[in-house]
Amino acid sequence: QLSSRKAIMLQQWDFDTQTEGCVYDAEENALYVGQEELGIWRFGLSDGSRTLVEAIEAGNLVADVEGLDIYRRGDQRWLVASSQGEDAYAVYAMDPWRLVAKFRIGADYQRGLDGASETDGLAVTSAPLPGYPLGILVVQDGRNRSPQANQNFKVVDWRKIDALIKTAH
């Protein structure tokens, strides 16, 4: 049975340009928001702080900033962001904040798969899945060229991303 109760707005933020993805970090009680042309914001929900943690100007992201999600394993947390303007993905360690990996999802023509491009949204999980013991990254692929097709989703084994993170240390 559906309830007729109304949700109560707790906080509101205004932006001067378009925002896209957002993700809540329960560990920090913070909200991360991608502002397409500016970068990634961190909003401290306990103290009301607002910090631009990754500006486009820093050179690690190319507008538009789109999908965001947080991958958690043990006491480690990484924020994954799609850098739509270059069809790439950036992975940030969150404490302390720093870029630890950047990559593109390339084509595998042997299997009939093109790469990923124009990603609007993404999701990660660290839950072990059959064949993916460290979890996966799933990205929306906005443009399929080989073969020409509607948009779809690409799945990446987190072990491949983990290897990129380890080479950055």
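Student: Leaving aside neighbours within four places in sequence, which residues is Asp69 in contact with?
Tutor: This is a predicted model, so local features need pLDDT of at least 70 and side-chain atom pairs count only at pLDDT 80 or more, while totals for chains, interfaces and linings use all residues. Residues are numbered from 1 along each chain as its sequence is written, and side-chain values use heavy atoms, with hydrogens and water left out. With contact taken as heavy atoms within 4.5 Å, the partners of Asp69 are Val23, Trp78, Leu79, Val80, Leu122, Ala123 and Val124.

Student: Asp69 has no salt bridge, so how far away is the nearest side chain of opposite charge?
Tutor: Asp69 sits in strand β5, residues 65-73 (strands are DSSP E runs of at least two residues and helices H or I runs of at least four, numbered from the N terminus). Asp69 is buried, meaning under 20% relative accessible area, with exposed being over 50% and partly exposed in between (1.4 Å probe, protein chains only). Counting Lys and Arg as positive and Asp and Glu as negative, with His and the chain ends not counted, the nearest opposite charge is on Arg72, at 5.6 Å.

Student: OK, how many salt bridges does a search of the whole structure find?
Tutor: Side chains of opposite charge can pair when their charged atoms come close. The test here is a side-chain nitrogen of Lys or Arg within 4 Å of a carboxyl oxygen of Asp or Glu. Run over the whole structure, that search gives a count of twelve.

Student: Take the salt bridge between Asp25 and Arg77: how many residues apart are they?
Tutor: The closest N and O atoms of Asp25 and Arg77 are 3.0 Å apart. Asp25 belongs to strand β1 (residues 19-25) and Arg77 to strand β6 (residues 76-83), so distant parts of the chain are linked. Asp25 is buried at 0% relative accessible area, and Arg77 is buried at 10%.

Student: Which residues are linked with Arg77 in a network of salt bridges?
Tutor: Two partners have come up already, as Arg77 pairs with Asp25 and with Glu27. Besides Arg77, the linked residues are Asp25, Glu27, Glu28, Arg42 and Arg72.

Student: Which residue does Arg73 form a salt bridge with?
Tutor: Arg73 is in strand β5 and its partner in helix α1 (residues 158-168), so the pair ties together parts 89 residues apart in sequence. The closest N and O atoms are 2.9 Å apart, and the partner is Asp162.

Student: Last one: leaving aside neighbours within four places in sequence, what does Ser83 contact?
Tutor: Ser83 is in strand β6. Ser83 counts as buried because its relative accessibility is 0%. Its contacts are Asn60, Leu61, Val62, Asp64 and Ala88.
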